[in-house]
Amino acid sequence: MEKPNQDWTARVEELAHTRLSECYQCGKCTAGCPRGMIMDVPPARMMRAAQVGDILETARADSIWRCLSCLTCSARCPKSVNVSSVVDAFRQISIETNSMSPESAKIVEFQKAFLRNVRRNGRTNEVEMATDFEVRYFFRRFDVMNVINTGLLGTKMLKRGKMNFAIGSPVKDKDLVKRIFSKCDVKL
Ligand code: SF4
Ligand code: SF4
């Protein structure tokens, strides 16, 4: 008999390329996670949620966007489960189902601005990326405080010579960057 959430579990396995059933909930992934203290759903609980198909609830968790993709969880797993890929799978499902909280939505917007910048130039340009992020985020959320805070941060960075005003300054082989992005199914 088909389990009620079987499709979701299979979808996480397909996206993560790892076997969820291998996890026996030892908790080593959570114990080693450098962000574990601020995660509402730590890695071992994510694994359990994926095993039982409780996907949509976990896709709303802020943890999946607080993860640093440092791979410590995957390296520590005694069953060689790729936990970090499972977190990535949750991210993808979170975007597909538009499940993130406003705080996480801001992180996603920033990551998209970063990727647009890399797609355009092959490298990041802080001024261009920050402007892209601020304008889009402002018109989406009308978050004036965010603009002020970024302006203050930008001023500090400017004083320390950390801002590059050479708009664009792309890499030589932009076609290579284009080819990489064309192979990724990424909507920006
Ligand atoms: S370390 Fe591996 S086996 Fe242990 S809880 Fe995490 S994923 Fe499961
Ligand atoms: S990849 Fe993410 S979940 Fe895994 S240990 Fe690093 S921060 Fe924690």
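Me: Before I look at single residues, what makes a residue buried or exposed?
Reply: A residue is buried if 20 or more other C-beta atoms lie within 10 Å of its own, exposed if 12 or fewer, and partly exposed in between. Please also keep in mind that this is a predicted model.

Me: Then is Leu-71 buried or exposed?
Reply: Leu-71 counts as exposed, because it has 12 C-beta neighbours inside 10 Å and the limit for that class is 12 or fewer.

Me: Where does Leu-71 lie?
Reply: Leu-71 belongs to the loop between H5 and H6. Its phi is near 70°, which is a positive value in a residue other than glycine.

Me: And His-17, what is its phi?
Reply: The phi of His-17 is near 50°, again a positive value in a residue that is not glycine. His-17 sits in the loop between H1 and H2. It counts as exposed because 11 C-beta neighbours fall inside 10 Å.

Me: What about Phe-110, is it buried or partly exposed?
Reply: Phe-110 counts as partly exposed, because it has 18 C-beta neighbours inside 10 Å, and a buried residue would need 20 or more.

Me: Which helix is Phe-110 in?
Reply: Phe-110 is part of helix H8, which covers residues 102-121.

Me: New topic. How is the protein chain divided into domains?
Reply: There are two parts: domain 1 covers 6-96 and domain 2 covers 102-182. The C-alpha centres of domain 1 and domain 2 are 28 Å apart.

Me: Now the ligands. How many residues surround ligand 1?
Reply: Ligand 1 is surrounded by 14 residues, and the closest are Cys-23, Cys-26, Lys-28, Cys-29 and Cys-77. Helix H2 (28-32) and helix H3 (43-52) each contribute at least two residues to this shell.

Me: How do the residues of that shell around ligand 1 divide?
Reply: The shell around ligand 1 has 9 nonpolar, 2 polar and 3 charged residues.

Me: And which residues are closest to ligand 2?
Reply: The closest to ligand 2 are Cys-33, Cys-67, Cys-70, Thr-72 and Cys-73, out of 14 residues that surround it. Helix H6 (72-76) and helix H7 (83-96) are the elements that give two or more residues to this shell. H7 gives the most, with 3 residues.

Me: How do the residues around ligand 2 divide?
Reply: Around ligand 2 there are 10 nonpolar, 3 polar and 1 charged.

Me: You mentioned H7. Which elements give two or more residues to the largest nonpolar core?
Reply: The largest nonpolar core has 29 residues, and those with the most contacts inside it are Val-12, Met-46, Met-47, Ala-50, Val-83, Val-86 and Phe-90. Two or more residues come from each of helix H1 (6-16), H3, helix H5 (63-66) and H7. H7 provides the largest share of this core, 6 residues.

Me: What does Met-46 touch?
Reply: Leaving out residues up to four places away in sequence, Met-46 touches Val-41, Thr-58, Val-86, Val-87 and Phe-90.

Me: Last one: what pLDDT does the chain average?
Reply: The protein chain averages a pLDDT of 88, and 95% of the residues score at least 70. Over residues 1-5, however, the pLDDT is below 50, and this stretch has 4 contacts in the model beyond near neighbours in sequence.

How values were computed: Residues are numbered from 1 along each chain as its sequence is written. Chains are lettered from A and ligands numbered from 1 in the order in which they are written. This is a predicted model: local features need pLDDT of at least 70, side-chain atom pairs count only at pLDDT 80 or more; totals for chains, interfaces and linings use all residues. A residue is near a molecule or strand if its C-beta atom, placed from the backbone, lies within 6 Å of it. Helices (H or I, at least four residues) and strands (E, at least two) are DSSP runs, numbered from the N terminus. Ala, Val, Leu, Ile, Met, Phe, Trp, Tyr, Cys and Pro count as nonpolar, Asp, Glu, Lys and Arg as charged, and the others, Gly among them, as polar. Domain bounds come from an automatic or database domain assignment. A nonpolar core is a set of buried Ala, Val, Leu, Ile, Met, Phe, Trp, Tyr and Cys residues joined through C-beta atoms within 7 Å. Two residues are in contact if their C-beta atoms, placed from the backbone, lie within 7 Å. pLDDT is the predictor's confidence in each residue, from 0 to 100.
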